[in-house]
Amino acid sequence: MTRDVTGHPTGTERPYLLILLGFIGCFGCLSLIIGTAVAPFFVPDHDWVADTISDLAAGRSEIIMDVALYGFAAGLFAVSLAAAHIHLGGVRWSIGLISLAILASLVVIVGARNEYGDGDSEGIVIHIYLVYGLGALFLLAPLCLAPGLRQDHGRARKALIALGLLWGLCAPLFLFTPTGVDGLVERLLGLVACAIVALLALVAIRRGRAAL
């Protein structure tokens with residue numbers, strides 16, 4: 001019987017649960033990518049380079065981007081559940097999976113609060129504050145989870161570290177990016193976030209198949 005890095009037999013893992021959670025994680029990434037690609041066609045004069053994703057989640061066509069964000073949140077929550085199920089490490093792994101769960105809740109709040117991108121000065125523009133949480137946790141999650149992948153998923157571990165470092169380098173730059181190009185930078189960060197989630201989802205699918 002094969003064993004993971006914690007010494008637990010992989011046969012104790014629920015293969016179909018891991019595979020399902022992995023596919024939900026992949027679906028969440030596709031949801032965000034498709035929503036970000038489709039929504040601009042329903043927002044007049046939207047500039048892919050200068051206008052941020054936040055501008056897509058307000059106004060008459062807000063439902064498109066909102067659903068995309070909710071789908072991505074579901075993907076984040078799914079991979080956090082998968083990480084909790086396989087649990088390949090100690091405290092660091094726990095911190096990583098909890099970070100994913102918190103990220104899911106933050107993305108839901110960002111999608112639910114539409115006091116941004118529509119020129120409305122009323123209400124609390126809460127997403128401004130949540131950006132800092134997203135920035136910190138998308139760095140913390142991959143770097144905390146990566147060590148647990150050392151034994152059985154070496155390539156995924158290296159890729160996760162690389163994505164985490166890439167996020168850590170690029171996310172602070174977004175805060176100082178000129179408004180003329182911040183939309184493009186935000187989309188690139190979105191792709192990095194999707195890559196992190198997709199990688200973890202693929203690990204879950206792989207372990208699920210191995211446990212069949």
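Is Arg 207 buried or exposed? Select Arg 207: with a relative accessible area of 5%, Arg 207 is buried (buried means under 20% relative accessible area, exposed over 50%, partly exposed in between, with a 1.4 Å probe and protein chains only).

Before going further, some ground rules. The model is predicted, so local features need pLDDT of at least 70 and side-chain atom pairs count only at pLDDT 80 or more, while totals for chains, interfaces and linings use all residues. Residues are numbered from 1 along each chain as its sequence is written, and side-chain values use heavy atoms, with hydrogens and water left out.

**Stop 1: the salt bridges**

Glu 13 is buried, at a relative accessible area of 5%.

Asp 152 belongs to the loop between α4 and α5, 55 residues from Arg 207 in helix α6. Asp 152 is partly exposed, with a relative accessible area of 27%. Through shared partners, Glu 13, Asp 152 and Arg 207 join into one network. The structure holds two salt bridges. As a general point, side chains of opposite charge can pair when their charged atoms come close.

**Stop 2: the aromatic cluster**

Select Phe 72, Phe 138 and Trp 167, which form one aromatic cluster. A search of the whole structure finds two aromatic pairs (rings of Phe, Tyr and Trp, the last by its six-membered ring, pair if their centres lie within 6.5 Å; planes under 30 degrees apart count as stacked, over 60 as edge-to-face and the rest as tilted).

Look at Phe 72 and Phe 138 first. Their ring centres are 6.5 Å apart and their planes at 20°, so the pair is stacked. Phe 72 lies in helix α2 (residues 62-86) and Phe 138 in helix α4 (residues 127-145), so the pair ties together parts 66 residues apart in sequence. Both Phe 72 and Phe 138 are buried.

Then turn to Phe 138 and Trp 167. This pair is tilted, at 5.0 Å centre to centre with 45° between the planes. Phe 138 is in helix α4 and Trp 167 in helix α5, so parts 29 residues apart in sequence are tied together.

**Stop 3: helix α5**

Buried residues of α5 include Leu 160, Leu 163, Gly 164, Trp 167 and Phe 174.

**Stop 4: helix α3 and Ser 99**

Select Ser 99, in helix α3 (residues 91-112). Ser 99 counts as buried, at 3% relative accessibility. Its side chain reaches the backbone oxygen of Ile 95 at 2.7 Å. Other buried residues of α3 include Trp 93, Leu 100, Leu 103 and Val 107.

**Stop 5: the nonpolar patch**

Show the surface and select Leu 30, Ile 33, Ile 34, Val 38, Phe 41, Phe 42, Trp 48, Val 49, Val 181, Leu 184, Leu 188 and Leu 191. Together they make a nonpolar surface patch of about 1100 Å² (patches take residues with over 30% relative accessible area and no salt bridge, joining like charges within 9 Å and nonpolar side chains, Val, Leu, Ile, Met, Phe, Trp and Tyr, within 5 Å; areas come from the Shrake-Rupley method with a 1.4 Å probe, and for residues only the protein chains shown count as cover). Helices α1 (15-38) and α6 (182-210) each supply at least two residues of the patch, and α1 gives the most, with four. Phe 41 is in the loop between α1 and α2 and is exposed, with a relative accessible area of 68%.

**Last stop: Asp 182**

Select Asp 182, in helix α6. At 12% relative accessibility, Asp 182 counts as buried.

Notes. Salt bridge = Lys/Arg side-chain N within 4 Å of Asp/Glu carboxyl O. Polar contact = N/O pair within 3.5 Å; in protein donor to acceptor, adjacent residues only side chain to side chain.
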